[in-house]
Each structure stands twice: as structure tokens, then as C-alpha cells.
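Please find below a short note on the model under review. It is set out as numbered points.

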Amino acid sequence: MFIVNCSLLICGLPRYASRTKVVNVSINQQNKSFPIPGAVYFIGAGPGDPELLTLKAQKLIARADVIIYAGSLVNQAVLSHARPEAETYNSIGMKLDEQIEVMSKAVKKGQSVVRLHTGDPAIYGATLEQMRQLYRREIPYAVVPGVTSAFAAAAALGIELTVPGDTQTVIFSRLSGRTPVPDSEALPLLAAHRSSLVIFLSAGMIARVADELQEAGYTPDTPIAVVFRASWPDELIIRGTLANIAGQVQAAEITHHALIIVSPALKTEAKSEVAQDSHLYGAALAQTGRQPTTAIIALTRNGTQTGRRLQAALPNSILYAPARFVETESNKSITPYTTSVRQTLQSAFQEHDALICIMASGIVVRDLAPLLRSKHTDPAVVVMDERGQHAISLLSGHKGGANELARRAAALLEGTPVLTTASDAQGLPAVDLLGREEGWVINRSEHLTDVSAALVNGETVGVVQEAGEENWQLDPPPANLIRFPSIAALQEASPPAAIIITFRQVSPELLEAIPRSVIYHPPCLAVGVGCNRGTPAEEIQAAIDQTLTEAGLELSSVAQLATIEDKADEAGLLETCDKRNWPLRIFSRREIATVTDLPNPSEWAQRALGVPGVAEPAALLAANSDTLLVEKQKFPNVTVAVSLKSKIENRKSKIQVVGIGPGDSAHLTPAARQAIEEADVIFGYKTYLRLIAGLAPNVPREGSGMRQEVSRVNQAVDQAQTGKRVALISSGDAGVYGMAGLVYEVLCERGEANLPVEIIPGVSALNAAAALLGAPLMTDFAAISLSDQLTPREEILRRVDLAAEADFILCLYNPKGRNRVEPFELTCDILARHRPPETPVGIVRAAYRDKQQVEIITLADLPQAEVNMVTTIIVGNSRTYVQDGKMVTPRGYANKYMLNSSS
């Protein structure tokens with residue numbers, strides 16, 4: 001067997017081959033020698049429309065030396081991609097041996113050969129016979145898939161072959177003719193499934209098709225369609241029933257190049273209302289208005305009993321329970337479910353204001369995580385145990401009301417509410433944490449203790465909030481927390497203490513009247529800037545400062561600067577943003593031109609740039625507003641305008657270095673999942689990005705290869721500087737042989753220590769491996785990477801020697817690479833000098849991934865063990881033993897306690 005070893009092509013492999021010979025040929029898109037000389041490519045040319053040819057197929061055709069194509073079945077327009085000097089052969093009339101001879105001669109000359117088949121070669125492509133001959137002649141080949149005519153026909157008919165509720169199966173078949181069909185695949189047997197049938201190579205026997213379908217139980221009025229030359233210019237569609245289709249097809253003189261389709265989908269086209277909606281568009285993902293009700297969702301029999309008690313006592317609640325536990329119920333407030341608990345939870349999440357989930361919190365976290373959007377919009381979620389002893393506020397504790405719901409549910413069942421937020425534990429807002437997530441800047445922080453003490457001691461604390469999110473306020477608020485409509489009203493009342501949240505400068509008179517005051521400035525001002533070419537940063541900064549000061553606006557509340565694309569490279573503007581740590585928002589001329597009715601249009605901007613202005617429209621666009629706080633202020637070389645952002649952003653740009661755990665989504669922490677789903681862009685090693693392919697599908701991803709870590713971090717920093725929230729992912733824990741340290745090194749080297757960085761921990765490889773092996777890490781252990789790419793080999797081996805001598809349990813990372821085996825061999829020698837040969841050794845490959853392997857061997861067998869870069873090795877110490885297939889290292893309890901004692 002000959003396999004082209006490549007990353008871009010799917011190799012054709014005769015299933016009967018008993019031996020394998022690999023032609024070691026590397027193919028990639030950057031290789032200028034692509035396609036490979038001396039190889040044959042079977043290519044699907046698609047149904048006929050040349051625009052349905054794949055890009056990969058087009059490249060191969062354009063560079064081929066010899067092309068053999070299937071006559072009238074392949075559109076001649078496809079051949080227009082070929083080079084003029086390429087040899088072309090029409091296979092119509094050519095015998096198999098003749099075709100193979102052409103291929104063989106070309107391969108011997110070192111030429112590349114393309115064999116074009118209609119549709120996809122894997123479906124009635126007659127390729128196996130050719131592959132068999134190539135195999136015998138030791139000629140390498142590969143297969144490039146194409147668009148099958150079956151899908152082109154469905155597209156022409158405007159149908160979906162898999163209709164929810166009607167059919168989820170598609171069968172490709174044909175009638176027995178010159179090519180026999182196995183008895184078990186006779187059309188009446190296949191038709192009995194009532195799924196979508198796509199019948200190839202049978203248009204000339206349409207009467208027989210209709211008869212055999214009726215023999216299978218289809219009625220004469222069953223809809224059927226015949227599509228002739230799907231996607232070709234002369235495409236023809238004939239629709240009918242089993243009773244009349246044969247006459248229509250015969251009248252059209254169609255005998256070849258046509259597909260026959262019989263499917264429930266023909267009854268449920270787009271114009272029909274018969275078909276039900278897919279779960280994709282069901283309640284689980286619908287953004288509809290939620291009902292003011294509480295869904296109580298039980299999973300087990302005991303949980304259902306607890307749910308009944310709670311539902312009976314909690315007004316406006318509905319109990320969802322497995323149907324087998326509530327079969328005889330007629331109560332309208334009890335809804336049995338037969339779908340998965342995941343679907344039930346997700347549907348309830350979208351339909352109700354609150355959820356009480358009587359099940360393990362892990363189930364709730366995993367199943368609801370894909371739907372989480374914001375603490376401001378998500379419903380309250382409370383988790384309870386089966387006996388109702390504890391009610392845990394899990395989601396939307398403040399604004400969603402989960403904290404209050406947990407208290408109420410616990411009281412009804414005589415249980416205990418579990419509230420994890422500090423402010424709710426005290427029943428008061430945490431003054432020092434206000435707006436932390438939203439990037440609020442605090443002023444007069446020296447008075448935090450005074451204001452907090454006033455609140456705790458029952459003194460009146462006045463509040464004015466002119467900007468920023470209000471999620472920090474309790475509902476209902478403490479009696480002594482009084483809201484005032486304006487700063488002037490607050491100053492007139494002069495309460496003992498105050499919390500002021502504003503984008504304005506606060507007057508000395510107010511602070512004199514209320515000395516115990518804390519001021520917060522949310523980032524909510526968008527500053528539009530226009531400037532002449534070459535204006536220095538100092539002049540731009542002075543213009544902005546003067547504008548804000550004269551308007552009584554706070555510099556700390558500036559969220560970003562904005563300008564037109566023509567100023568994107570203006571050095572003074574970029575330096576200003578760099579010094580002030582402000583993002584710079586760039587708008588195109590086209591975007592700027594959409595803002596009309598400016599208070600102060602600019603004739604110069606209209607004449608030079610074709611836009612009505614720069615500073616004013618840039619400020620309005622950046623703020624997503626239609627009003628200005630400050631109209632254009634003109635300076636000798638600078639113009640400045642200010643607008644208040646209409647929607648306060650609750651996220652500050654940052655880099656989040658995320659540990660995604662070993663790879664299984666079940667071991668991804670909620671914090672990691674949230675960081676990934678809320679990111680504006682995700683960076684990571686390509687293999688790790690594949691591990692989170694199902695998360696945040698709409699978030700852009702930037703993948704790179706091994707040894708590109710520094711470039712990856714620099715790109716992530718560049719993106720974060722533009723105001724984006726960046727997720728930089730590592731497998732395992734980002735702080736254990738991960739990206740966390742490199743991020744700080746790069747930031748220090750670039751002098752950008754002010755860029756916010758958050759490290760989100762994950763399950764490390766040693767934790768994952770230990771869990772799979774048993775309990776090998778119950779006492780002191782040392783983790784050592786055997787990769788000498790960044791650490792000198794002598795230093796690694798010295799650490800191994802010292803740790804082994806000290807009787808540490810050893811966790812070995814990166815034990816062996818493709819071209820790096822010596823460190824592993826030397827490590828085995830060192831361990832053999834310090835540990836007896838029967839010492840237990842655990843080997844875990846690809847922990848919690850698809851190809852996971854776990855085995856426990858002895859130290860004597862370690863040198864021969866199969867290990868690689870995704871293997872974690874745990875070498876036991878002098879006390880480690882194996883029991884029932886598990887590694888255990890006793891911690892010492894037996895020396896202190898009677899382990900068999902019940903007391």
C-alpha cells in the first residue's frame with residue numbers, strides 16, 4: 001500500500017491491503033513544489049458548476065502535468081485552470097489499462113497526474129479499480145474530495161435532506177443494473193426506513209424505481225423529484241409523484257446524468273409550515289422575553305420529591321421532573337420531561353426568570369455555561385442538594401436575585417442558604433470593590449474606611465451616580481443608603497458620608513461640606529481628536545486637558561480617543577495614547593461621513609478628506625451616541641470634542657492567560673470558560689485551540705506552532721493595547737510550564753507593566769495524571785521538565801539526581817521528543833541508581849483526551865516505555881505501592897491513627 005504522508009490530502013487506501021509502504025512525501029500549502037511530482041491525485045470536480053470546484057482541487061489542476069478527465073461528466077470550464085502545456089486525456093473510450101499506462105508513464109518522468117472525476121470520487125467514482133492498479137505498480141496517490149451531485153440536487157430543490165421530526169438519515173443508493181447491488185441493499189428494503197433516498201444512475205429505470213418504492217409501502221401520491229445535471233447551465237428539475245413521474249421523465253427524454261430524490265423533505269420546503277424547528281432554533285437558544293416564573297428542575301427520584309415540596313410552597317413556580325417519576329401527575333405546575341437534562345436546563349434558562357436546580361452543581365455549570373452572556377441579563381440560578389439542606393446562589397446573585405431566591409428556598413425547606421459574595425454575607429455593598437470589574441478609577445481612597453464604617457454603623461450615606469453600571473446596589477438597598485438625583489442635591493443635604501460616581505470634576509465646596517466622601521470615575525468619555533500632520537504629543541495632550549478642565553470633566557473618565565483613518569499613524573496621537581494608557585479608536589472616512597448634522601462642520605475636512613468633520617463625528621461614533629458633551633474646541637493644530645458613551649462597557653481590556661486543563665471540557669473551569677467566551681480574540685498553540693473548538697465559535701482565533709511562543713505573546717499584547725480583551729490559552733495550568741511567566745517577561749521587556757494581566761488557573765497535567773493513576777502525590781513531590789530546549793541539559797539532570805536522592809515523588813513533563821531522547825535515557829539511569837527496580841511508575845499519555853492511555857509499570861521497565869511530549873510520568877518514592885491497579889503514596893496517617901478505628 002502506498003500512502004502520501006500529507007496534512008492536506010485524504011489518502012486513498014485499499015482496504016484489502018495486507019502490507020503498508022509509506023512514501024514519505026510532505027505536502028503543504030507553502031511548498032512551491034506542490035503538487036508532488038510522481039504522484040496521482042484523484043480529484044472530485046464537483047457536480048458541474050466550475051465555481052463549486054474546491055480551492056485545493058483548483059491548485060492541483062493548475063499545476064498538474066497530466067490531466068485525465070471523465071468526458072462529458074466534467075464541465076470543460078474546469079479544465080481552464082490547467083496550464084497550456086499540460087497533457088489532457090478524455091477517459092471516455094479509454095480502457096482502464098490505457099488510463100493506468102498514461103499515469104504510469106507520467107509518474108516515471110517525475111510528473112504530477114490529476115484524475116478528474118465528477119462529483120466526489122468516493123461516491124460511485126469507480127476509483128477503487130484504479131487505486132488497485134496503482135498499488136500494484138507502487139505509485140503513490142491521494143484523494144481530494146469534491147461536492148457530490150446529491151448535495152447540488154438538494155440545493156437546486158431548495159430542501160434540507162435531514163428534517164427534524166421527519167428524517168435524520170440520508171441513504172445513497174442505486175438500482176441493480178449492469179453493476180449488481182447486494183440483495184440486502186435492494187431498494188424496497190432501503191425505502192422501508194422512510195428516510196431521505198438519493199438514487200444515482202437509475203433515471204433510465206424510473207418506472208422500476210416507482211414500482212419498487214410502492215412495493216415498499218409508499219403511496220402513489222408520494223412526492224418524488226428528478227434533477228438532471230444539477231448546477232449545470234441546462235439543469236432541469238422534474239417534480240411529480242410516484243404515479244406520474246415516469247411519464248414526465250420519459251417525455252423529457254432523460255436517461256442519464258440525473259438523480260432521483262424521494263424524501264419527506266419534499267413535503268417540508270421553506271414555503272411549508274409542516275416541519276418542526278430544529279433544536280438549534282428552539283427555546284434553548286432563543287432570546288425571548290423570560291416569564292416571571294421560577295423553574296424547579298429535578299434529576300433524580302429523591303430530587304423530584306424535594307422539588308414537589310418546594311413547588312407547592314413557592315408561588316409562580318413550575319417543577320420539571322423526569323417523566324418516569326411523575327407519570328400519573330395531572331398538576332399543571334408539574335411538567336414531565338423526556339429530553340436530556342441538558343436540553344431541559346437550557347430551555348428553562350431562556351424561558352424563566354429564575355431556576356432552582358436540584359442536582360449536582362457541576363451538571364448545572366457545564367450545561368448552562370454555553371448560554372451565559374452577562375450578569376446583567378442572565379436569570380438567577382440556585383443549586384440545591386436532593387434533601388434541600390443547602391441552597392447555593394450560583395448565578396446572578398445581585399441583579400438576577402439568586403441570593404434572595406437561595407434564602408427563600410432554604411427557608412421554605414428549613415435548609416441553609418449559601419451566599420459566597422462578601423457584600424451579601426454582610427447584607428451591605430462592599431464600598432472598596434465598586435466598579436472594579438468595570439475599571440472605575442477611585443479618588444479619595446483614603447476615606448474608604450470612613451465611608452464603610454458609616455454604612456456599617458447605620459449612619460446615612462448619600463449616593464449620586466451619573467455614570468457606570470448600577471449592579472453594585474442591593475435591592476432593596478440598606479435603609480441608610482440614600483440615593484440623591486444630583487450632585488447639587490447631595491451637597492444641599494450634606495449627609496455624614498457619600499459615594500459619588502461621576503464623570504465630572506467634584507467641587508472643593510462639596511468635599512468641604514461632606515469630608516467623608518469617596519469618588520469613583522467610570523471610563524465613559526469618548527474624546528474625538530483631529531490634528532495637523534506632525535503635531536507633537538505635548539500639544540495634543542494640552543488641548544485635551546484644557547478642553548476637559550474647562551468643561552468640568554474628569555480626565556480619569558476618558559475611556560478612549562478616536563480619530564479618522566488618515567491620522568492612524570500620527571506619531572503625536574499615538575504617543576499621547578501610549579503615555580495616558582488610552583486605546584485609540586480609528587474610523588474610516590466612510591464611517592465618519594455617515595455622521596451628519598454636526599454642530600460645527602469643517603469646510604477644510606470636507607474639502608481635503610470628503611467628510612463633514614473629524615473630532616465631532618469620531619467622538620459620537622466612539623461613544624455610540626448622538627449628542628456631544630463638548631462641541632468642537634479649536635486650537636492652533638488640534639481639534640477636540642467629547643461625548644458620553646451611551647452604553648457603559650463593563651469590561652476593561654486585558655490579557656487573560658487561561659489554563660484550559662488537560663483537554664476534556666469537563667475539566668475546564670467555569671472561570672476559564674467565561675474568559676474564553678468573553679474574549680474579543682483568542683491566541684494559542686494550534687493543538688490547544690482544537691481542544692476548545694466547541695467554545696465561543698464566533699470569537700476570532702490566532703493559532704501558531706511550536707517555538708512561536710514569544711511571537712504569540714507579542715501579538716496578544718498588541719491586540720490588548722487596542723482595547724480588546726485577549727485570551728491566551730495554555731494546556732493544563734498556565735503557570736506550570738505554561739505561558740504566564742512569558743507574558744510578564746514580554747511586558748517587562750516592552751516596558752508595558754501597566755497592561756492588566758489575569759492568570760486563570762487550570763488543572764495541570766500532574767493533577768490530571770495523578771487522578772487517573774490513583775493517589776500517588778499524597779506527600780512531597782517534584783515536577784521536572786526533561787525538555788532541554790530552554791533549560792540546559794546538565795541542570796535538568798542535576799535536579800533529577802537531587803530529587804531522586806531526596807526520595808521525592810517525581811513528576812516528569814515532556815519526557816521525550818521526536819529528536820530528543822537522550823535526556824529521558826539519562827534520567828532512567830539516574831533513577832535506577834537511587835530507586836529499586838520494583839518502584840511503581842505511572843505513565844499517562846494524553847490525559848482526558850481522545851487517545852488517553854494509562855498504565856502502571858516498574859522502574860525497571862521505564863526505559864522501554866512508550867512516551868512522548870504528551871506523556872506525564874509519575875515515579876513513586878520509597879513508600880509508594882500499587883493496590884488494585886492504583887498507585888498510592890501513604891501520607892503517614894497510619895503512623896498517627898488507627899485506620900481501622902471507627903472513632
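Predicted model: local features only at pLDDT ≥ 70, side-chain atom pairs only at ≥ 80, totals over all residues.

1. Residues are numbered from 1 along each chain as its sequence is written, and side-chain values use heavy atoms, with hydrogens and water left out.

2. The protein has 28 helices and 42 strands, taken as DSSP runs (helices H or I, at least four residues; strands E, at least two) and numbered from the N terminus. Of its 903 residues, 48% count as buried, that is, under 20% relative accessible area with a 1.4 Å probe, protein chains only.

3. Gln99 belongs to helix H2 (residues 96–108) and is buried, with a relative accessible area of 7%. A polar atom of the Gln99 side chain lies 3.2 Å from the backbone oxygen of Met94. Leaving aside residues up to four places away in sequence, Gln99 touches Ile68, Ser91, Met94, Arg115 and Gln130 (heavy atoms within 4.5 Å).

4. Strand S17 (residues 380–384) is largely enclosed by the rest of the structure, because five of its five residues are buried. One side carries Ala380, Val382 and Met384, and the other Val381 and Val383.

5. S17 pairs with strand S16 (residues 352–358) in the parallel sense over five bridges (pairing requires at least two DSSP bridges); Ala354 stands opposite Ala380. With strand S18 (residues 390–395), S17 pairs in the antiparallel sense over four bridges, and Val382 stands opposite Ser393. S17 and S18 form a hairpin with five residues between them, and Gly388 in the turn has a positive phi of about 70°.

Note on methods: Buried < 20%, exposed > 50% of the residue type's maximum accessible area, 1.4 Å probe, protein only. Polar contact = N/O pair within 3.5 Å; in protein donor to acceptor, adjacent residues only side chain to side chain.
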